[in-house]
Amino acid sequence: MTAASAPMSLEKLRELPSLPQVIIDLQSAMSREDVSIDVIADTVSLDQALAAKALRVANCSFYGVPGRVVSIRQAIGMLGLRSVSTVLTIAAVSQSVPRPSCPGFDLERYWRHSVAVALCARNIARTLRLDADVAFTAGLLHDLGRLALASQAPACLSESLRRRDELDCTMLEAERATLGTDHAVLGAQVAARWHFGPAIVEAIRLHHGPPTTPQVTVVDIVHIADSIAHALDLAGDPNEMVPPLDANAWNRTGLSEGQALLLLQDTESEVDGLCEALAV
Amino acid sequence: MMIDEVATCTPSGNTPGSGTVLLRDTPAQGDRLEWLFREALRRQHVHPLMELLRRYRSQEGA
């Protein structure tokens, strides 16, 4: 596998199935003021596998819902449309991407890291009074390109992993050298094809290199959350490495040391519960 | 908590400039936290999160 031979393998990423229509509808509905919970609940209920997953998660202790949630309408009422949407998005992504069989790629570690970044991004956004749901979804999907590679072009990812281990470099460097592109670019392409909003697509594409902006953005938040999740060593990867952190992105958040320490604590304490709830 | 873009440091207990070999080859014997930040240590950059993590872990252990 070389950078020259990689493009043909990467074409396979285009063969990833679409997300279920209900998820696309949900993504679209979330950005509207006039969204009807009844319509969403009815739509979700038509997809039995997704509905069952949403109900199972709604009944897990992570969400702390008293009593038993038995319908999607009730789940939306108790957890909120955005939380249910998040649960459904995870279920849909894990269903839509064929289970990878790629030497060196550990699906459980992949999801643990993604969930950690999602939680940390949500906590940063809440601290800064920004949209926590967009931050959560962007964090959850930030490495989507790596999952897509593992599933559709395992030889490409495997060669990148081999190169990373051999040179002990960052995965981003290994991917660029091996494939001539990287998981951030590829993940953004998949997310755009799956109709995720522009803020989420940009956060995926730029999470390793946030651009200079006057104010803090979702890109900054996911970039920082990614570093924090690696630094907390939550995925259980023996070759874990904290990627470089953009000082300007950090400074734009204006986080105090106390707030930063609290972020570490909250993220670390929430990961196990959410991973268990999502069965990832 | 503002941070500088670039500063320099060396891994504790290592001779300046020798971090690459020590951190690459003996992760199990070294400090796991330094192992996680080996890329920054190798480049002799201070990773802004490294000290924060140290304080967080020491606060946890207190």
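**Group meeting: the interface of chain A and chain B**

In this structure, 32 residues of chain A are in contact with 24 residues of chain B. Keep in mind that this is a predicted model.

I'll start with area. The size of an interface is often given as the accessible area lost when the parts come together. Here, chain A and chain B bury about 2400 Å² between them. Of that area, 54% is on carbon and sulfur atoms.

Next, the polar side of the interface. Between chain A and chain B the rule finds five salt bridges. One I can show you is the side chain of B:Arg57 with that of A:Glu268, at 3.0 Å from N to O. As for polar contacts, there are 14 residue pairs across the interface of chain A and chain B, with both residues at pLDDT 80 or more.

Which elements of chain A give two or more residues to the side that touches chain B? They are α10 (154-167), α14 (218-231), α15 (247-253) and α16 (257-278). α16(A) gives the most, with six residues. Sorted by class, that side of chain A has 15 nonpolar, eight polar and nine charged residues.

One more residue before I stop, and this one is A:Thr89. You will find A:Thr89 in helix α6 of chain A, residues 81-96. Is A:Thr89 buried or exposed? A:Thr89 counts as buried, because its relative accessibility is 2% and the cut-off for buried is under 20%. Leaving out residues up to four places away in sequence, A:Thr89 touches A:Ile23, A:Gln27 and A:Phe196.

Terms used:
Residues are numbered from 1 along each chain as its sequence is written. Chains are lettered from A and ligands numbered from 1 in the order in which they are written. This is a predicted model: local features need pLDDT of at least 70, side-chain atom pairs count only at pLDDT 80 or more; totals for chains, interfaces and linings use all residues. Side-chain values use heavy atoms; hydrogens and water are left out. Contact means heavy atoms within 4.5 Å. Buried area is the accessible area (1.4 Å probe) that two parts lose on being put together, summed over both. A salt bridge is a side-chain nitrogen of Lys or Arg within 4 Å of a carboxyl oxygen of Asp or Glu. A polar contact is a pair of N or O atoms within 3.5 Å; within protein, one must be able to donate a hydrogen and the other to accept it, and residues adjacent in sequence count only if both atoms are side-chain atoms. Helices (H or I, at least four residues) and strands (E, at least two) are DSSP runs, numbered from the N terminus. Ala, Val, Leu, Ile, Met, Phe, Trp, Tyr, Cys and Pro count as nonpolar, Asp, Glu, Lys and Arg as charged, and the others, Gly among them, as polar. Buried means under 20% relative accessible area, exposed over 50%, partly exposed in between (1.4 Å probe, protein chains only).
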